[in-house]
Amino acid sequence: MDYRRGHGLVDAVPGSGKTTSLIEAATFLPPNCKAIFLAFNKHIAVELGKKLAASNSPMEASTIHSLGMQALRGLGKRLSFQEKKYHTLSKAYLESEGAYDYTLLIQFKKLISFAQMTLVDASSEESLLQIIDHYDLELSPYDIEWPILRRGVRHVLDKGIEQAHTFGSIDFNDMVWLPSILNLAPAKADFLFVDECQDLNAAQLALVMKSVNGFGRLLFIGDRRQSVYGFAGADTQSVQTIIERTNATVLPLSICYRCPKRHVQLCAEIFPGIESAPWAKEGTVSTIVADRLEEYVQPGDLIICRTTAPLVETCLSLLRAGVRAKVRGRDIGANFITLINKLKKQPAFRFERFTEILLEYHHQQAILIGVGKDADMKLANLDDKVDTILALHGAYLDTLSHPHQADMEGFQSYINTFFSDEHGRMVVLSTVHKAKGLEEERVFILKPDLMPHPKAKPGWQLEQEYNIKYVAYSRAKANLFIVQEKTPAGPVQVPQRAVA
């Protein structure tokens with residue numbers, strides 16, 4: 001095999017030292033070449049840039065969205081970032097059609113966003129219906145507004161293109177979508193490393209393919225077993241898609257240097273192929289009862305769960321016990337604020353009726369979800385969302401001296417404070433999705449029976465669920481704790497993976 005030609009894909013298990021390996025590989029690049037290492041986000045790119053500079057590599061660190069910005073300069077306009085660009089365009093369109101409703105606007109905007117990320121034909125009703133079904137959007141072809149929405153996706157996207165041409169107005173999705181739509185490309189690189197390739201969506205991959213010159217080489221890095229963002233627009237078959245499009249040579253990094261042997265054994269029962277380092281410690285896997293959790297946790301510990309509501313309830317319990325704790329994810333809190341703002345727009349809304357209105361929303365959404373394809377998983381996600389808000393509502397009221405002090409502004413401020421990306425000497429609680437990329441000496445797994453989620457259907461959903469479980473069991477560097485509701489009758493068992 002000639003490693004001096006063609007493209008490659010590093011299939012790297014958790015804790016395999018992929019960043020260290022690739023920084024070392026970058027030192028072997030020709031000194032005058034154009035080389036870019038594409039990181040998952042800006043924060044990682046900054047840290048990676050420091051390491052590359054320290055290694056005297058000619059490679060620069062960037063993000064895919066930064067590549068997109070380079071490409072968009074080909075429009076010949078001064079670019080202006082407009083975060084609410086498609087919100088404004090979508091709202092204007094619905095108002096012009098006499099169909100404006102805040103709830104409908106949010107779902108319509110999501111449909112437009114997924115159409116961008118997946119590069120589907122926005123004029124195709126079949127493609128739009130597939131997006132609605134795949135991403136659990138609260139829309140239906142049987143809705144009276146559907147003909148308006150179906151036409152509107154293409155209309156709004158065309159308006160978005162027009163604004164980019166005329167005013168240089170772009171948003172975050174435009175950075176990766178418009179280069180493909182307008183056939184724009186950034187300066188070509190000789191070598192391009194692409195991290196976390198299992199989480200690429202179609203628009204991102206298309207931009208990457210445009211960014212390497214005719215004789216340049218691509219090296220993708222990722223782990224198909226850690227693909228967990230299918231719900232957010234990532235191609236759940238991204239690794240296989242890359243291999244087929246680039247004819248990449250697969251290079252395995254199969255040894256986990258992070259986890260002790262017992263943890264690696266648990267991971268291998270889910271996905272065979274991962275190995276522990278020869279010098280790895282045995283490690284511990286312990287089972288504890290949920291109502292004694294505060295006796296075990298200490299600052300710096302990581303508590304993870306498949307869903308959000310148990311994290312909120314556990315965090316509240318720890319705080320009451322005097323344990324400093326935070327739930328990771330400012331954007332999670334922002335999503336709850338968005339739902340609350342939706343409820344506020346109801347004519348009969350009063351904060352005193354908040355619980356009643358929230359439960360009525362739950363009932364209405366459950367009816368809309370019905371019994372169609374993937375309905376069970378959609379209902380489970382809805383239940384988790386509503387249960388979380390109810391827990392937060394009760395906790396907010398408990399902070400007040402008198403019930404009459406409660407108001408919506410205070411409740412929203414409480415939610416914003418509750419969710420944080422702050423680090424430090426505290427107990428951090430996180431969904432498994434948010435914990436991807438994290439590691440701690442001691443990790444606690446709440447509700448292990450939710451991995452895989454019992455409502456997931458065979459196919460891409462169940463595949464993603466086993467990936468989530470794999471990520472969860474590979475976060476600890478020393479001690480793993482399985483938190484059960486009741487004292488278990490026997491040792492913890494990790495069932496064999498059921499999906500090929």
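These legends describe close-up views of a predicted model. Local features need pLDDT of at least 70 and side-chain atom pairs count only at pLDDT 80 or more, while totals for chains, interfaces and linings use all residues. Residues are numbered from 1 along each chain as its sequence is written, and side-chain values use heavy atoms, leaving out hydrogens and water.

**View A. An open, parallel sheet of six strands.** The strand order is S3-S2-S6-S7-S1-S8. Strands here are DSSP runs of E with at least two residues; helices are runs of H or I with at least four; both are numbered from the N terminus. Two strands pair if DSSP finds at least two bridges between them. Strand S3 (60-63) and strand S8 (249-253) are the edges, each pairing on one side only. On average, neighbouring strands are turned by 20° against each other, direction ignored. Axes are lines fitted to C-alpha atoms, for helices over the stretch in contact; angles run from 0 to 180 degrees between N-to-C directions.

View B. S7 spans residues 212-222. Eight of its 11 residues are buried, so S7 is largely enclosed by the rest of the structure. Buried means under 20% relative accessible area, exposed over 50%, and partly exposed in between (1.4 Å probe, protein chains only). Strand S1 (residues 8-12) pairs with S7 in the parallel sense over four bridges. Asp11 stands opposite Gly222 in S7. Strand S6 (residues 189-194) also pairs with S7 in the parallel sense, over five bridges. Here Phe191 faces Arg217 in S7.

**View C. The β-α-β unit around helix H9.** S6, H9 (residues 202-210) and S7 form a right-handed β-α-β unit. Right-handed means that, with the strands pointing away from the viewer, the path from the first strand over the helix to the second runs clockwise. Strand S2 (residues 35-39) joins S6 in parallel through four bridges. Leu38 stands opposite Val194 in S6. H9 packs on the sheet and touches S2, S6 and S7. Its direction makes about 140° with that of S7. Contact means heavy atoms within 4.5 Å.

**View D. The buried side of helix H17.** In H17 (residues 408-418), the buried residues are Met408, Phe411, Gln412, Tyr414, Ile415 and Phe418. They cover an arc of only 155° around the axis, which puts them on the same side of H17. The arc is that of the directions from the helix axis to the C-beta atoms. These buried residues pack against helices H13 (309-320), H14 (330-344), H15 (354-369) and H16 (375-398). They also pack against strands S13 (325-328) and S14 (419-420).

**View E. Cysteines without disulfides.** A disulfide is counted when two cysteine sulfur atoms lie within 2.5 Å. By this rule the count is zero. The sulfur of Cys267 lies 5.7 Å from the closest cysteine sulfur, in Cys259, too far for a bond. Cys267 is buried, at 1% relative accessibility. Cys305 is in no disulfide either; the nearest cysteine sulfur, that of Cys315, is 13 Å away. Cys305 is buried too, at 0% relative accessibility.

View F. Ala92 lies in helix H4 (residues 85-96) and has a relative accessible area of 43%, so Ala92 is partly exposed. Lys159 sits in helix H7 (residues 146-167). Lys159 is partly exposed at 34% relative accessibility. Lys159 and Tyr86 are 73 residues apart in sequence and 9.1 Å apart in space, C-alpha to C-alpha.
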